[in-house]
Amino acid sequence: MQPRNMSMSGVVDLAAVKAAQEAKTKAEQARAEAARQGGGTGAVSPASLVIDVDEAGFERDVLQRSTEVPVVIDFWAEWCEPCKQLSPVLERLALEYAGRFVLAKIDVDANQMLMQQFGVQGIPAVFAVVAGQALPLFQGAAGEAQIRGTLDQLVQVAEQRFGLTGLTVDPDAAPGEAQAAPEVPVGPYDALLEAAVQALDAGDLAGAVQAYKNVLGDDPANMEAKLGLAQAELLQRVQSVDPQQVRKDAADKPGDVQAQIAAADLDLVGGHVEDAFGRLIDTVQRTAGDDRDAVRLRLLELFEVVGADDPRVVAARRALARALF
């Protein structure tokens, strides 16, 4: 199979002036928020420049990461002989370009939904995501000189249009050496979690929220606290609303983002999980810019309430990815 789309002409179509400005603004906001929270400012290990990505981690590892650095996606499979020639070249160039792009490898056999969302008709296929915008690079085997030319154009577009200058790589870390994970306190938190449950039972939603936040302040990965906080905050949001008025506003104002978000909260509290997810995914499809971000973030919060392993969440994540692209 001969390579195709070996130019960056697709960037012009996908990044028209208004869309590019919006994406650049969002990328700048995301970087500022990461810096405010103490993330995204340190040097990374060379090992973090080449990552395996699946459907569950796509939003974090590709969409969110693309606000900091261009993410090149390599669609491959174990049985694909041309992939075995192309992938090592891309991996070597990711290290050589030293943080100017990140290579995300997606096994199409294990992630067919992502393959369909990108419209991949044959592999190897290489795409890029820049500031949340997807663009095709090439399909099929390609010479290294052609690949370099495409990557050079990608890096240039990312910097000039979106202000993405890439990641800083730690020169002292070995290429295969992963950054040491920070130590995280591991409890015990039984007393705090019990206090949160008691507060919920007593109707003290503010107290429950604070108790869960106290746990997460020491142990950000505590899943019980994450789930509890998401549930408590949801109940807190709907505590003082007029359900009939919320439903009326959502029906009368389909384009009102806040009305749809409020109605989705009520849907979920009432046990109508698919309705809540479907309402917000439909709203994502109809909106752009800050409105779309607000809806997407609320949807992610509702995913936390239901639980990442719930089949309804898995299906909704796939529908959200389709809506975003």
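Reader: Start with Glu144. Is Glu144 buried or exposed, or partly exposed, and what is the relative accessible area?

Author: Note that this is a predicted model. Glu144 is partly exposed, because its relative accessible area is 30%, and buried would mean under 20% while exposed would mean over 50%.

Now the partner. The side chain of Glu144 meets that of Arg92 in a salt bridge, at 2.7 Å from N to O. This pair links distant parts of the chain. Glu144 sits in helix 6 (residues 144–162) and Arg92 in helix 4, 52 residues apart. Arg92 is partly exposed as well, with a relative accessible area of 39%. The pair also belongs to a network. Salt bridges link Arg92, Glu96, Glu144 and Arg148.

Two further pairs deserve a look. Arg237 and Glu301 meet through their side chains in a salt bridge of 3.6 Å, N to O. Arg237 lies in helix 9 (residues 223–238) and Glu301 in helix 13 (residues 289–306), so this bridge ties together parts that are 64 residues apart in sequence. Arg237 counts as partly exposed, at 24% relative accessibility. Glu301 is partly exposed too, at 35%.

The other pair is Arg65 and Glu68. Their side chains form a salt bridge at 3.8 Å, N to O. Arg65 is partly exposed at 27% relative accessibility. Glu68 is also partly exposed, with a relative accessible area of 22%. The count of salt bridges comes to 18. As background, side chains of opposite charge can pair when their charged atoms come close.

Some charges gather in a patch instead. Asp190, Glu194, Asp201 and Glu224 form a negative surface patch. Helix 7 (residues 190–201) gives the most to this patch, with three residues. Glu194 lies in helix 7. The relative accessible area of Glu194 is 41%, so Glu194 is partly exposed. Patch residues need over 30% relative accessible area and no salt bridge, so the 41% of Glu194 clears that cut-off.

Ala98 lies between helix 4 (81–96) and strand 3 (102–107). Its phi is near 50 degrees, a positive value in a residue other than glycine. Ala98 is partly exposed, at 39% relative accessible area.

Ala131 also has a positive phi, about 50 degrees, although it is not a glycine. This residue lies in the loop between strand 4 and strand 5 (133–139). Ala131 counts as buried, because its relative accessibility is 9% and the limit for buried is under 20%.

Val126 is found in strand 4. At 1% relative accessibility, Val126 counts as buried. The C-alpha atoms of Val126 and Leu137 are separated by 5.5 Å, and the two residues are 11 apart along the chain. Pro124 lies in the loop between helix 5 (112–117) and strand 4 (125–130).

Gln260 has its place in helix 11 (residues 257–269). Gln260 is buried, with a relative accessible area of 4%. A polar atom of the Gln260 side chain lies 2.9 Å from the backbone oxygen of Ala250.

Methods: Residues are numbered from 1 along each chain as its sequence is written. This is a predicted model: local features need pLDDT of at least 70, side-chain atom pairs count only at pLDDT 80 or more; totals for chains, interfaces and linings use all residues. Side-chain values use heavy atoms; hydrogens and water are left out. Patches are made of residues with over 30% relative accessible area and no salt bridge: like charges are joined within 9 Å, nonpolar side chains (Val, Leu, Ile, Met, Phe, Trp, Tyr) within 5 Å. Accessible areas come from the Shrake-Rupley method with a 1.4 Å probe; for residues, only the protein chains shown count as cover. A salt bridge is a side-chain nitrogen of Lys or Arg within 4 Å of a carboxyl oxygen of Asp or Glu. Lys and Arg count as positive and Asp and Glu as negative; His and the chain ends are not counted. The place of a charge is taken as NZ of Lys, CZ of Arg, CG of Asp or CD of Glu. Helices (H or I, at least four residues) and strands (E, at least two) are DSSP runs, numbered from the N terminus. Buried means under 20% relative accessible area, exposed over 50%, partly exposed in between (1.4 Å probe, protein chains only). A polar contact is a pair of N or O atoms within 3.5 Å; within protein, one must be able to donate a hydrogen and the other to accept it, and residues adjacent in sequence count only if both atoms are side-chain atoms.
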